Amino acid sequence: MIALTDANNFYVSCERVFNPKLEGKPVVVLSNNDACVVARSNEVKALGVKMGTPLFELRWSETGPGGPSLIQQHQIQVFSSNYALYGDLSRRVMAVLGQFSPEVEVYSIDEAFLGLAGQAHEIVAHHMRLMVKQWTGIPVSVGVATTKTLAKIANHQAKQQGGVCVLFEPAPVLAQLPVSDVWGIGRRLTQRLEAHGITTALHLQQADLALIRQLLGIVGVRTVLELRGVACLPLELCPQPRKSCCVSRGFGRPVASLAELKQAIASYGSTAAAKLRRDGRVAQSLQVFITTNRFRPQEPQYANSETLVLPYPTHDTLTIVQAALGAAERLYQPGYSYQKAGVLLMELSDGAICQGSLFGDETKRERAGRLMVAVDSLNRRFGAGTVRWAAAGLQQEWKMRAEWRWQSRSERASPRFTTRWDELVVVK
């Protein structure tokens, strides 16, 4: 049996852990630039607010100009995203789940699959849910079934019936489940299936495998077998090493100057290089891309990218930033207001066994490696950004609002309770 544990409204639940007054109240969490809704409490869902709803729509009045907005009318509590808090609480939740099984696959920031072989499934599921809530404050739902796909469906049922669902007889549930809600079946595939009369998960489970292979390929066949209780997706206990690393952000305000664009590219390149070193990976090539705001068609539009091959596989910040800045200069066109940029590192390999350069200066590379070790050590000890590259700028006024809020301490910013000494909860 496989269990899928999924945190309920995870970002909202994280905000409630240290602010119990939010329990039972409508709460939303916004995206990086405070632009749209990325998490909703059940109270907000009941109001009909959809995922991705722009913030300005919540500020509209339902009764006409001059009337109260949706936020004012229903006293919706609005928070900027706090990924430092969410990431740390996710790590704690996964650590608790590890107490129940040696087989844990962390599927996302708020989901994990667990192998429950030889255990009393329903008892363990209830115990798991209670312990995660007690130790971390995060409410979770647990779905248990014989395959990953069925566990996904069981978890969906668990959210509607008290938090735990063990799916021994899936047929009644599959008969009520639209085929579009099956894990891995998107909108395009749903249209193909519905054209052949396959409208529910039960129809898909009972469908002819030859037809499914024709419509959905081998991945669709695996989905059908999973619905029949045949496990085709084993637990991935060791995450596969990443093959690329991308750091991209939307700017807090439009960027028009080359100087600010280069600061952003240098900042993203140094962040990406630090991630490679953390994972023990090196990159052979990189891509830099920039774009204007396509949601403002009245403004001049421009988007471009450039891909470069590095002299040798590396995770050296200086090498990566220099290459990225050269690409940024070639990509930049005056007269445009840029809304987003990014650096993508590609062709990643193991840093311990990477191919060197026959004519390269190995002494210089060794010195650069020692420098990177020192920089990373200082940033781990004294906080991220303690030592950074001058090319990234000092003021960085182009940063997205979610990053600037820590200095401005806006009313929508919650403290990073678990990762900053100066933002710990104060008990009086």
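**A helix pair in contact**

Mentor: L189, R192 and L193 in α9 meet I212, L215 and L216 in α11, where contact means heavy atoms within 4.5 Å, and helices (H or I, at least four residues) and strands (E, at least two) are DSSP runs numbered from the N terminus. The residues of this contact divide into 5 nonpolar, no polar and 1 charged, with Ala, Val, Leu, Ile, Met, Phe, Trp, Tyr, Cys and Pro counted as nonpolar, Asp, Glu, Lys and Arg as charged, and the others, Gly among them, as polar. The model is predicted, so local features need pLDDT of at least 70 and side-chain atom pairs count only at pLDDT 80 or more, while totals for chains, interfaces and linings use all residues. Residues are numbered from 1 along each chain as its sequence is written, and side-chain values use heavy atoms, with hydrogens and water left out.

The axes of α9 (residues 187-194) and α11 (residues 209-227) come within 11 Å and cross at roughly 160 degrees, the axes being lines fitted to C-alpha atoms over the stretch in contact, with angles from 0 to 180 degrees between N-to-C directions. That makes α9 roughly antiparallel to α11, a term for angles over 145 degrees.

Turning to the whole, the protein chain has 15 helices and 13 strands, and its C-alpha trace spans about 65 × 65 × 50 Å along its principal axes. Of its 428 residues, 45% count as buried, that is, under 20% relative accessible area with a 1.4 Å probe, protein chains only.

Definitions and conventions. Parallel < 35°, antiparallel > 145°, perpendicular 65-115°, else oblique. Buried < 20%, exposed > 50% of the residue type's maximum accessible area, 1.4 Å probe, protein only.
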